[in-house]
Amino acid sequence: MAVRRPTRPRFVLLLLVLTAGTIITLGYRTQANGYVGKLKGYASDVFSPVQSGVLDVFRPVGSFFRGAFDYGSLRKQNATLKAELGSARRAGTAAASQQQELQALTQLEKLPFAPSLHQIAAEVVDTGFGNYQLTLELDRGSSAGVQVGMPVVSGGGLVGRVVQSNRSTSTVLLLTDPSSSIGVRDGSVIGVASGQGLGQALRVDYIFAPAKVTKGDVMVTSGLQGGLLPPGIPVGRINRVRDHTGDLQEEVNIAPLVDMNSLEFVDVLVWEPPSTLPGAG
Amino acid sequence: MTAAVGERRFNAVARSQVLLVLFMAVVLQLTVGAELRLFGVHPDLMLLVAVSGGLVGGEERGAMVGFTAGLLADLFLQAPFGLSALSFTIIGYAAGLFSGTIVRASWPMVFFGASLASAAGEILYALLGAGLGQSQMVSDRLGPIVGVVAVLNGVGALLVVPVMRWAIFPDTASGRRRW
């Protein structure tokens, strides 16, 4: 039997920690399109057929216990109808806000408008298993035209942005994720809406008192922020405006128009941030 | 017998069996783990495998299993790539420091050992993430995450620890005490 070498485990630990540190550094330097993105793409290609196979077997079992035999298909139909109703509602809301902003917008040149964008319909496969990021996995990827940065909408408004695009799947970061911030506007008032976690309202920062926003107004994407998102997509309804006397900023919260918990179908808007914008990236 | 645990070679059969367990864990995490939510928190099966690897195989194997499990988890997460690999390596190693105690322990020991190590793993993961600029990872959500993952992994360890024992010590698993 070999003599126990107590330094070996520590050496292995050091080696692995240094390797992990190197991987983190490389990942930071190459960002989404580098080797990390490719690796994730391969992993998704390998695991997503297995994943959908397993889900296909187990989901009907779950549905069975929840109710009738054809519950699954009814649910699907219901979701499709909801999505259709939602996009009609979205068009309505967008139209209202268009009128409101028409004058302001027409002064700006060549701003693409959300309802005119081509859409890719996708089904939500799952909500991801991470406890620190709020994401959705979609069943459409780069082969269907989904690219990193594209906005995702459903029902009444914005859901989030594509952060990872694989061959046949993609990952969406929800706007309620604490790392998400989106440029929003209500009329001429602009601000930045940050996610506060699942089921929480978004907090809108940089609205300076006295602000001309009222409870119940729908805030839409501003299209500023270096053109990260197209303007005019409804984001949320103002559910709280608090003005602390003496404060520079108003405390404004908006409730997302989309219920992030029950998403089954979404639309990916084919949109590329204009890279020629000054200050973009 | 226990003294020899740390010295036995991590041979090819053991490695491939551990890889098989890791593969199964990824599939389970992607399916059941993604569907299942307790107080809004998903179970963290990859961390459980890392912890069990350490509890069963000692520091060195714990670090190796943790690194691989973390790297696999990173492939499906939007956090900085390599963050799970780093934290699971350290937790696998740390869990390994208690392997001598756990090998002959009763099931409550396995439960609490895995619970404690998993809680530490979640806290370490969030702190390292915050250190890497993801400050939102340390929030008031961390409490529920640590609590739920600790309890689920404690229970899960009662199943995963015997599986890891089979994987890491293919020849002696049947002759060993259950807990």
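Begin by selecting strand S1 (residues 119-126) and strand S12 (residues 265-269), both of chain A: they pair in the antiparallel sense over 5 bridges. Strands are DSSP runs of E of at least two residues, and helices are runs of H or I of at least four, numbered from the N terminus; two strands pair if DSSP finds at least two bridges between them. Within this pairing, highlight A:Glu123, whose bridge partner in S12(A) is A:Phe265.

The model is predicted, so local features need pLDDT of at least 70 and side-chain atom pairs count only at pLDDT 80 or more, while totals for chains, interfaces and linings use all residues. Residues are numbered from 1 along each chain as its sequence is written, and chains are lettered from A and ligands numbered from 1 in the order in which they are written.

Now display both chains. Where do they touch? 43 residues of chain B are in contact with 42 residues of chain A (contact: C-beta atoms, placed from the backbone, within 7 Å). On the side of chain B, select helices H2 (12-35), H4 (59-74), H5 (83-96) and H7 (107-131), the elements that each give two or more residues. H2(B) gives the most, with 8 residues.

Finally, select helix H8 (residues 142-168) of chain B and centre on B:Ala157, where H8(B) bends by about 45° (the angle between axes fitted to the seven residues ending there and the seven starting there).

Methods. Two residues are in contact if their C-beta atoms, placed from the backbone, lie within 7 Å.
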